[in-house]
Amino acid sequence: MEASEKLLIRLAGFRIGITGPPGSGKGEQARILGAILRAEILSISSLLRKAAAEPDEIGRYIDQTMTRGELVPPDIVMDLLVSELRSIRSSQSVILDGFPRDEQQARESMNFRSSRVFVFLDVPDEVCYQRLTCSERNRADDQFDVLKKRLTIYRSELPGIRQAIPDHLMIDANGDQTVANVTRSIIEGLERVVFQTDASAGLAVNQ
Ligand code: AMP
């Protein structure tokens, strides 16, 4: 799959958040979109895992929080993310895999100097369980109890996240279809969002 040159040009410098419940396929979509959109990928969980490997108090705290399947507090996440973003050229588009995960992150992302857009992947809970309990990735936080907690947290944070983001910057994609179709619907959503200002009749987006 390819994106039009026009879309690539318009997306230059965008921060593209992609979020969804565990098992929604956001990591896979981030990788695919990164290649199609020539975007850099910043995975929040990878950033956190790197910080968790540090032999200091904050590293231990992040490690324990992730093992329990809970969200790392937004101040820590935003510090790590903002300092990482500083090292990236402002004209480079960046996919933020696993962002935002709570209301504070969503609110603070509205202060980014770059343009932004947010993809929400959704998948029914039973599909998340099925995908992750059968997965070969062998992660401690994919065990049933922890997974259940991660799903519950995701569902409870979602309304606050969505409230903090203007409707026209949100793209909803059904993650319960073939990988290629998910990618296609995200690209179509991106086209709607970034070209909306070109729409002469003020057409509503995100419906
Ligand atoms: P994921 O693989 O995206 O489900 O993330 C694994 C774990 O990393 C989560 O259960 C959280 O502990 C942590 N994490 C990932 N992204 C975030 C975020 N944006 N905010 C807070 N914690 C996060």
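Mentor: Bear in mind that this is a predicted model. Strand β1 pairs with strand β3, residues 94-97, in the parallel sense, over four bridges.

Trainee: Which residue stands opposite Ile-18 in β3?

Mentor: Asp-97 does.

Trainee: And how many bridges join β1 to β4?

Mentor: Five, and those two strands run parallel. Strand β4 covers residues 116-122.

Trainee: What is the bridge partner of Gly-17 in β4?

Mentor: Phe-118 is the partner of Gly-17 there.

Trainee: So much for partners. How many residues of β1 are buried?

Mentor: Five of the five, residues 15-19, so β1 is largely enclosed by the rest of the structure.

Trainee: Which residues point which way from β1?

Mentor: Arg-15, Gly-17 and Thr-19 point one way, while Ile-16 and Ile-18 point the other way. The residues on both sides are all buried, Arg-15 included.

Trainee: Changing topic to helices. Which residues of α7 are buried?

Mentor: Helix α7 spans residues 125-133, and Val-127, Cys-128, Tyr-129 and Leu-132 are buried in it.

Trainee: What covers them?

Mentor: The cover over the buried residues of α7 includes helix α8, residues 144-164.

Trainee: Zooming out, how many helices and strands does the chain have?

Mentor: Nine helices and five strands. Along the sequence the pattern reads α-β-α-β-α-α-α-β-α-β-α-α-β-α.

Trainee: How does the radius of gyration look against a compact globule?

Mentor: For 207 residues, a compact globule would have a radius of gyration near 17 Å, and the chain has 17 Å, so the two agree. The C-alpha atoms fill a box of roughly 50 × 35 × 30 Å along the principal axes.

Trainee: What share of the chain is buried?

Mentor: Buried residues make up 48% of the 207. As for the surface, the chain exposes about 10800 Å², and carbon and sulfur atoms supply 48% of that area.

Trainee: What about contacts between residues at least 6 apart in sequence?

Mentor: Of those contacts, 77% join residues at least 24 apart.

Trainee: Last one, charges. How many positive and negative, and how far apart are their mean positions?

Mentor: There are 26 positive and 30 negative charges, and their mean positions are 3 Å apart.

Methods:
Residues are numbered from 1 along each chain as its sequence is written. This is a predicted model: local features need pLDDT of at least 70, side-chain atom pairs count only at pLDDT 80 or more; totals for chains, interfaces and linings use all residues. Side-chain values use heavy atoms; hydrogens and water are left out. Buried means under 20% relative accessible area, exposed over 50%, partly exposed in between (1.4 Å probe, protein chains only). Contact means heavy atoms within 4.5 Å. Two strands pair if DSSP finds at least two bridges between them. The radius of gyration is taken over C-alpha atoms; the globule rule is 2.2 Å times the number of residues to the power 0.38. Accessible areas come from the Shrake-Rupley method with a 1.4 Å probe; for residues, only the protein chains shown count as cover. Lys and Arg count as positive and Asp and Glu as negative; His and the chain ends are not counted. The place of a charge is taken as NZ of Lys, CZ of Arg, CG of Asp or CD of Glu.
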